[in-house]
Amino acid sequence: MPRPFTTEDYTARMARATAAAAAAGLSGLVVAPGPDLVYLCGYQPTAITERLTALLLTDGNEPALIVPKLERPDAERATGAPGLRLLDWTDGESPYATAVPLLDPAGRYGVSDNAWAMHLLGLQAALPGAGWTSLTEALPMLRAVKDTDELERLAAAGGAADAAYRGILEVRFAGRRETDVAADLSALLIQYGHSQVDFTVVGSGPNGANPHHEAGDRVIRAGDTVVLDFGGLKDGYGSDTTRTVHVGTDVPAEVQKVHDVVRQAQQTAFEAVRPGVTCQEIDRIARRVITEAGYGEYFIHRTGHGIGITTHEPPYLVEGEEQPLVPGMCFSIEPGVYLPGRFGVRIEDIVTVTEQGGRRFNNTPHELGTVA
C-alpha cells in the first residue's frame, strides 16, 4: 500500500498553489469540489450539489474552506482540514456573503474549471469589480508535476492495467459481444486493485475506427482487429492504456502494416521524451512517422494527455502547446490510425519524464496481440 497523504502534504500543496497564483498575477484561487479540491486539501464532498463549497487560497491569508453547515462534519474529517480555516453557512443565508470578506473586491482570481456557473455568477454579482479566469488557463501545470508518492501510485496503477491486459488475452473474443469483453476488462481492473473503472473501449472491426467507441452489441468475429483502451483509478491515481489485438492468427497484411507504423510512431515519440522538449514536439514527432507512411489524415486526435488524480488533465501533447517537459510530468503517448468502415489501431502507454528521458508505466508487449 502507498504511504497515505498527510495534513502536511496538503498544507504544502496549498502553499505552492497560492505562491504559483501570486506569481501568475492572481489575487488567489477559488477551488470548487472536484479534482483540484481533492488534490489541494483531500476533501471530496459526499455529493456535489447546488450548495456552495469553495476553497479560497489568497496570498498572506490562511487557506479557508467554505462549506454548508450540514456538511461541516464531513469537511472536518478531511486529512487536510487541520491546515484550513473552516467557515460554514446555513440554508437561507447567502453563501457569497461568507466568501466576500475573504476576497479583494478588485482582485483577479483563478476559478476551478468545473465550478458551477451559478456559483461563479453569484461571486461576480457580489464582487462586480473583481476578475475571474479559468484555473487551467491561469495555472495549467498546477497538478502536472508529480512528487515521489504520486509517481508510485501512477506506476502501480499502470502495473495493474498491464495485469488486466494480460488477463484479457486469455479471454475468448470470437462469438461474443463487445460489451461482454468490456465487462471482462472491467472485472480484471477491479481484480487487480482499481477502485474505479472509468472506461473500457472495445472497438471491433469497423468500430475500431472510432477512437472513443463505446462498447456495443456488435458480435466480434474471427478476423476482426480490436482496439482495447481501458483505465480507471487505483489508490486515487489513474491508469490508461491501449493495445490492439487481432482475432485469430491469420493477420491481414494491411493490418500488420498499419500496426507497425503506429508502433514505430509510439516508440519514436517515447524516445524523444526528455526535459526541455515541448509538448507539441512530441506530437509532431509521432505525427511525422504516420504521415510519412501515408496515413496522416487518419491520425485524428492529439498524441497524448496528462494523467494523475483524473485520467485526462494537463499537459496535453498537441500542436500549439509550447509547455516544455519537466521531470515528474506524466502523460499518455497514444498515436493511432483509423480507417473508416474498416479498422483502427492505437498503442498507448503512460510515460513520466525523468532527468534522463522517459519512463513507461505500461510495459506489456507492443506487438499486435492475437486472441481466440
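Mentor: Arginine 346 is buried, with a relative accessible area of 1%, where buried means under 20% relative accessible area, exposed over 50% and partly exposed in between, with a 1.4 Å probe and protein chains only. The model is predicted, so local features need pLDDT of at least 70 and side-chain atom pairs count only at pLDDT 80 or more, while totals for chains, interfaces and linings use all residues. Residues are numbered from 1 along each chain as its sequence is written, and side-chain values use heavy atoms, with hydrogens and water left out.

Arginine 346 belongs to strand β15, residues 343-346; helices (H or I, at least four residues) and strands (E, at least two) are DSSP runs numbered from the N terminus. Its side chain reaches the backbone oxygen of proline 211 at 3.1 Å. Once neighbours within four places in sequence are set aside, the residues in contact with arginine 346 include Pro211, Val227, Asp229, Arg243, His301, Glu334 and Tyr338, contact meaning heavy atoms within 4.5 Å.

Strands β14 and β15 run antiparallel and are joined by 4 bridges, two strands being paired if DSSP finds at least two bridges between them. Within this pairing, tyrosine 338 has glycine 344 of β15 as its bridge partner. The two strands form a hairpin with 3 residues between them, and glycine 341 in the turn has a positive phi of about 75 degrees. From β14 (residues 336-339), Gly336 and Tyr338 point one way and Val337 and Leu339 the other way, and all are buried.

The side chains of arginine 243 and aspartate 349 meet in a salt bridge with an N to O distance of 2.7 Å, a salt bridge being a side-chain nitrogen of Lys or Arg within 4 Å of a carboxyl oxygen of Asp or Glu. Because arginine 243 lies in strand β10 (residues 241-247) and aspartate 349 in strand β16 (residues 349-353), this pair ties together parts that are 106 residues apart in sequence. Arginine 243 is buried at 2% relative accessible area, and aspartate 349 counts as buried at 0%.

A search of the whole structure finds 24 salt bridges. Among them is the one between lysine 146 and glutamate 313, whose closest N and O atoms are 2.8 Å apart. That pair also links distant parts of the chain, since lysine 146 sits in the loop between α6 (135-138) and α7 (148-168) and glutamate 313 in strand β12 (residues 313-317), 167 residues apart. Lysine 146 is buried, with a relative accessible area of 6%, and glutamate 313 counts as buried at 2%. Both take part in a network of salt bridges that links Asp36, Arg143, Lys146 and Glu313. Strand β12 also holds proline 315, and the peptide bond from proline 314 to proline 315 is cis, with omega near 5 degrees. Arginine 77 and aspartate 74, by contrast, meet in a salt bridge of 2.4 Å, N to O, in which arginine 77 counts as exposed at 61% and aspartate 74 as partly exposed at 27%.

Turning to the rings, the count comes to 3 aromatic pairs. The ring centres of phenylalanine 5 and tyrosine 10 are 6.2 Å apart and their planes at 65 degrees, so the pair is edge-to-face; rings of Phe, Tyr and Trp (its six-membered ring) pair if their centres lie within 6.5 Å, and planes under 30 degrees apart count as stacked, over 60 as edge-to-face and the rest as tilted. Phenylalanine 5 and tyrosine 10 are both buried. Between phenylalanine 5 and tyrosine 237 the centres are 6.3 Å apart and the planes at 55 degrees, so this pair is tilted. Phenylalanine 5 lies in the segment before α1 (7-23) and tyrosine 237 in strand β9 (residues 237-238), so the pair ties together parts that are 232 residues apart in sequence. Tyrosine 237 is buried, as is phenylalanine 5, and Phe5, Tyr10 and Tyr237 form one aromatic cluster.

Arginine 153 lies over the face of phenylalanine 5, at 4.0 Å from the ring centre; a charge sits over a ring if NZ of Lys or CZ of Arg is within 6 Å of the ring centre and within 35 degrees of the ring normal.

Note on methods
Polar contact = N/O pair within 3.5 Å; in protein donor to acceptor, adjacent residues only side chain to side chain.
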